[in-house]
Amino acid sequence: MVIALWGCGHKTPPIPPRSYMPRPVEFKEIRVRPEGVYLTFCLPKRYVKRGKITSDVFYRVDRCTGDRCITVVEDRGDPGALVTVRDKGAEEGMFYQYIVKPKVLAWGIPSEASVKVGPWPPPPLNVKAKALQDRVLVIWKGKGPCLLYKRPEKGEYGLVPLALVRGGKYEDRDVENGVTYHYVMRGVKEKGILVVEGPPSKEVSATPRDTVPPPTPQGLSVHYRKGVVYLAWDPVSAEDLAGYRVYRRVPNGPWVPVVKEVLPRPTYLDEKIKKGQEYEYKVVAVDIWGNVSSPSQVVSIKIPLKEE
């Protein structure tokens with residue numbers, strides 16, 4: 001017995017029911033830089049007709065020119081996750097079509113984005129960073145809009161800029177005194193979710209610091225007993241206080257610190273004195289940033305020739 005089978009046309013992959021297909025990804029941003037194209041998108045949270053997705057979402061990103069496509073990345077993530085993919089292989093001057101396809105139980109509907117790589121807006125010129133108290137002032141030359149990026153001493157620059165800036169200066173107040181911050185700027189052109197950034201400017205750095213001196217020491221007193229001059233004054237109230245410096249001189253002579261070290265307490269015993277000599281004293285407060293207060297009132301004492 002002979003059984004004959006006839007078919008018409010050619011075989012194609014079966015089309016899965018729409019209830020098994022995840023919804024397409026949603027592009028949030030396409031950022032184009034000389035170092036690559038960054039695609040940011042949200043993975044689907046629901047099927048087309050079946051409700052919520054409860055397992056990982058597999059996704060594939062292809063870069064296409066004409067009929068030729070190259071897979072940039074294949075990965076998976078949680079439903080609804082925000083994903084950023086970097087394409088390092090994008091070449092300046094090329095026009096690409098990016099296709100992102102999600103898959104759970106079946107392949108979903110692809111999302112497409114057209115991207116031209118370049119030309120690049122130029123970076124601003126003469127970028128400088130000036131450290132001030134509790135802030136950093138960034139200045140530059142250039143009229144167009146720019147993106148300002150910031151990183152801490154041991155950090156890296158991310159994709160999210162500190163600010164979109166114009167006008168030649170920007171004051172960064174989100175800083176901590178004593179911490180070094182680094183900045184670069186990029187020229188930018190924006191159209192919808194497409195952001196084209198040029199090459200970065202030269203990196204500049206600044207370390208903001210406290211420039212306010214501590215309060216002036218008050219209540220300085222001095223008295224002599226048995227070969228020692230005893231000095232005392234009221235404690236200075238300052239969170240960043242490092243200590244005190246005591247200065248001494250003979251009348252009309254130069255002021256000289258009695259010790260090189262900063263004194264941690266509001267007292268001092270001066271034993272390097274001469275009998276019959278008159279001395280004048282004053283005290284300043286010093287904070288951890290090196291700021292020095294104005295001097296206290298001057299007090300004087302004459303050392304007796306003989307002990308009483």
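**Close-up views of a three-stranded sheet**

**View 1. Three strands form an open sheet in the order β16-β17-β20, with antiparallel pairing.** The model shown is predicted. Strands β16 and β20 stand at the edges and have a single partner strand each, so one side of each is left without a neighbour in the sheet. From one strand to the next, the twist averages 20°.

**View 2. Strand β16 pairs with strand β17 in the antiparallel sense.** Residues 221-225 make up β16, and residues 228-232 make up β17. Five bridges hold this pairing.

**View 3. The hairpin of β16 and β17 has two residues between the strands.** In this hairpin, K226 takes a positive phi near 50°.

**View 4. Strand β17 is joined to strand β20 by four bridges.** Strand β20 covers residues 267-270, and β17 and β20 run antiparallel. Within this pairing, V229 stands opposite D270 of β20. L231 stands opposite Y268, also in β20.

View 5. On the β20 side, L231 stands opposite Y268.

Definitions and conventions: Residues are numbered from 1 along each chain as its sequence is written. This is a predicted model: local features need pLDDT of at least 70, side-chain atom pairs count only at pLDDT 80 or more; totals for chains, interfaces and linings use all residues. Side-chain values use heavy atoms; hydrogens and water are left out. Two strands pair if DSSP finds at least two bridges between them. Axes are lines fitted to C-alpha atoms, for helices over the stretch in contact, and angles run from 0 to 180 degrees between N-to-C directions.
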